[in-house]
Amino acid sequence: MSDRKTVMSVNGTEMFSPPSNILIPTRDEGKKPVLDVRGLGIDFGGLRAVDEFTITVSPTEISGLIGPNGAGKTTVFNLLTNVYKPTRGAILLDGHPTAGKSVAQVNRMGIARTFQNIRLFDQMTVLDNVRVGMSNNTRCNFAESFLRLPGYFKAEKRSRERALELLSIFNMESEAYTLAGNLPYGAQRRLEIIRALATEPKVLLLDEPAAGMNPSETHALMESIRQIRDQFGIAIVLIEHDMNLVMGVCEGIAVLNFGKVIAKGTPDQIKNNEAVIEAYLGRQEKKEA
Amino acid sequence: MKKFLSKINRRDALTLLVLVGIFAFFFIMLQTGAASHQFKNMIIPMTYYILLAISLNLMVGVLGELSLGHAGFMSVGAYTGCFLSVMLVEHFPDLPMFVYLPVAMLCGGLMAALFGVIIGIPALRVKGDYLAIVTLAFCEIIKTVIINLDFLGGAIGFDTDKIVPDRNKALTLLPYAAFAVIVSAILIMNLVRSKHGRAIMAVRDNRIAAEACGINVNFYKVAVFGIAAFFAGVAGVLYGHNDVLLKSSTFDFNMSIEILIMVVLGGMGSNMLGSVIAAVVMTALPEILRDFSDYRMLIYSVMLIVIMLFTSAPALAGIRERLSLNFIKDAVTKRIAAAKAKKANKTKEEQK
Ligand SMILES: Nc1ncnc2c1ncn2[C@@H]1O[C@H](COP(=O)(O)OP(=O)(O)OP(=O)(O)O)[C@@H](O)[C@H]1O
Ligand SMILES: [Mg+2]
């Protein structure tokens with residue numbers, strides 16, 4: 001973690017105060033953040049599921065969002081992708097507000113995601129799952145499709161080649177023609193990542209990408225996440241319970257508890273943060289320890 | 001030719017081949033006079049039911065939305081097309097059929113598509129069983145509206161006898177029907193194997209994920225409503241030209257259900273061959289089993305329940321596995337893979 005610089009002092013409670021760009025990898029210095037989230041919050045009835053959520057993500061940063069079960073992590077992703085309409089706050093993607101846009105429009109603006117509970121197109125092949133992700137980057141209108149005009153063949157060929165190329169990130173080309181629903185669990189998670197990448201995002205949101213994977217798969221995934229960042233030059237935000245993965249690949253980490261950010265910082269800072277340890281282990285256990 | 005074939009999906013090629021075969025068979029039977037009176041009367045219904053089944057499969061099997069309004073779209077097409085044909089024949093008695101029939105088909109289809117879009121937009125708010133009820137209601141409304149339109153014959157029916165004056169109607173209409181069905185099948189299959197078809201199937205498999213992939217779900221739903229209605233409308237025009245009297249009461253719930261059973265029996269999904277075969281068989285069956293005609297709808301309903309149970313009950317998974325003949329498919333794939341590996345080894349050795 002020597003290639004990064006702490007812009008603001010990170011310690012205890014003073015970390016919430018905006019501006020929130022707590023950490024910027026040196027390579028992104030001087031660049032505007034790709035994702036700028038300010039005071040985001042949502043209430044479900046009386047429950048403040050997320051409150052005062054403020055982060056910035058620089059263009060090629062890998063950041064982590066952690067917290068105990070039910071802390072509101074997935075809800076943050078649902079807010080970032082406009083699945084939920086925020087009660088408070090604003091999201092700026094590359095400086096453009098995403099308020100009022102549909103889920104599909106937000107994807108086209110540049111935010112792609114994977115799902116905690118896998119959502120693949122089960123009855124379609126692996127290849128076609130990826131090609132669905134490429135839909136908006138494939139030029140082929142209805143007339144060309146109905147009549148198989150030259151444009152159709154060009155688009156099909158291009159999308160097939162590109163999809164196979166993307167599948168090669170996880171060495172999945174040999175599985176291109178299996179039905180997505182028949183893939184083993186780990187492969188399904190990887191396919192979701194590829195499908196999200198196929199939409200050519202600026203920010204990739206991964207919701208527990210390592211869930212259900214064995215340690216060697218998780219280790220390979222860490223490598224792939226870095227490779228994706230380097231190859232595509234995009235920002236990645238991941239939610240994960242596997243601390244080895246989070247501490248291993250994330251450059252900046254935000255910790256959520258009961259919908260509130262309780263800490264932000266580098267992996268080392270987070271590891272030693274009192275509030276974080278308390279949130280994870282509970283006050284009592286800590287005293288006993 | 002080989003290059004052309006390699007560019008189309010193999011299952012689609014088979015479907016086309018079967019379609020061409022069916023029409024060639026019909027044509028030969030009619031030309032040689034080998035067709036019985038009963039069979040002759042079945043030929044054109046078989047063609048429009050094929051078209052109805054594949055277009056409904058686009059809606060139910062590819063988009064995954066249950067529609068019970070297909071007969072409604074069909075009636076819109078039938079009345080529009082026949083009204084146009086009657087007008088044209090009245091005002092231009094010398095107009096040949098190869099001019100006015102295609103025009104009628106196109107206009108009937110377009111009008112039905114318009115209705116499809118009009119129904120599709122409010123239908124976005126409901127799904128599943130509720131959508132089925134909305135489409136069913138639409139079908140009933142159309143029926144009632146047409147009965148009350150005097151220029152469409154009202155309750156007596158709309159006289160279409162003069163449009164196709166030929167006494168051997170089946171033979172006169174068959175080339176048009178064959179052309180319409182084959183072209184429609186090609187268009188629908190082309191759509192399914194394109195970026196748009198994949199988007200539609202994505203909506204079926206997982207709506208939320210499709211949205212997250214940037215797919216405009218509402219657009220595709222309405223589009224499929226329009227497209228499926230278009231082809232149902234074309235089928236309706238064929239129906240109307242084959243009949244001598246259009247009665248709106250024929251386009252009822254039972255007819256929609258019949259088409260749905262064809263789709264379910266033939267196997268829902270991107271493969272249209274099943275729908276084609278089921279349409280042919282199910283059009284022929286009631287004619288052959290005329291003595292049981294009172295029980296037809298009962299038999300259909302029982303069939304539908306059995307199929308639904310069979311395809312979805314978890315307890316029957318084992319039987320399904322055995323019956324689906326997957327083990328044969330697996331054996332064949334293994335064989336092919338082995339052969340390929342052998343060939344690859346050979347070329348490697350040769351290179352050495
Ligand atoms: N649509 C909703 N309606 C009502 N409450 C909701 C809704 N979505 C989430 N919640 C609540 O918001 C809280 C946060 O849920 P969320 O799924 O974001 O947690 P999480 O941090 O992702 O947890 P996990 O680690 O278990 O995935 C939970 O109490 C949950 O019950
Ligand atoms: Mg979650």
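User: How many helices and strands does chain B have?

Analyst: The model is predicted, and the elements discussed here belong to that model. Of the 352 residues of chain B, 50% count as buried. The count of elements in chain B is 15 helices and 2 strands.

User: Which element gives the largest share of the shell around ligand 1?

Analyst: The shell holds 5 nonpolar, 7 polar and 2 charged residues. Among the residues that come nearest to ligand 1 are A:Gly70, A:Lys73 and A:Gln116. The largest share, 3 residues, comes from H1(A).

User: What is the distance from the polar side-chain atom of A:Thr74 to an oxygen atom of ligand 1?

Analyst: Ligand 1 has an oxygen atom 2.9 Å from a polar backbone atom of A:Gly72. A polar side-chain atom of A:His241 also lies 2.9 Å from an oxygen atom of ligand 1. For the polar side-chain atom of A:Thr74, the distance is 2.7 Å.

User: Which residues coordinate the magnesium ion (ligand 2)?

Analyst: The coordinating atoms are OG1 and OE1, at 1.9 to 2.1 Å from the ion. The two residues lie 42 residues apart, one in helix H1 of chain A and the other in the loop between strand S8 (111–113) and helix H3 (126–133) of that chain. They are A:Thr74 and A:Gln116.

User: Is A:Gln116 buried or partly exposed?

Analyst: Buried means under 20% relative accessible area, and exposed means over 50%. The relative accessibility of A:Gln116 is 32%, which lies between these limits, so the residue counts as partly exposed.

User: Why is H3(A) described as largely enclosed by the rest of the structure?

Analyst: Its buried residues include A:Val126, A:Asp128 and A:Arg131. The cover over them includes helix H5 (150–167) and helix H6 (185–198) of chain A together with helix H8 (195–205) of chain B. H3(A) is largely enclosed because the number of its residues that are buried is 8 of the 8.

User: Which residues are in contact with B:Ser184, leaving aside its neighbours within four places in sequence?

Analyst: B:Ser184 is placed in helix H7 (residues 169–192) of chain B. With a relative accessible area of 5%, B:Ser184 is buried. Leaving aside neighbours within four places in sequence, its contacts are B:Leu51 and B:Phe231.

User: What distance separates the C-alpha atoms of B:Leu95 and B:Lys195?

Analyst: B:Leu95 sits in the loop between helix H4 (70–91) and helix H5 (97–123) of chain B, and it counts as partly exposed at 26% relative accessibility. Its contacts beyond four places in sequence are B:Leu88 and B:Tyr100. B:Lys195 is 100 residues from B:Leu95 along the chain, and their C-alpha atoms are separated by 41 Å.

How values were computed
Residues numbered from 1 in each chain as written. Chains lettered and ligands numbered in written order. Predicted model: local features only at pLDDT ≥ 70, side-chain atom pairs only at ≥ 80, totals over all residues. Heavy atoms only, no water. Helix = DSSP H or I, 4+ residues; strand = E, 2+ residues; numbered from the N terminus. Buried < 20%, exposed > 50% of the residue type's maximum accessible area, 1.4 Å probe, protein only. Near = heavy atom within 4 Å. Polar contact = N/O pair within 3.5 Å; in protein donor to acceptor, adjacent residues only side chain to side chain. Nonpolar A, V, L, I, M, F, W, Y, C, P; charged D, E, K, R; others polar. Donors = N, O, S within 2.8 Å, 3.2 Å for Na, K, Ca; no water. Contact = heavy atoms within 4.5 Å.
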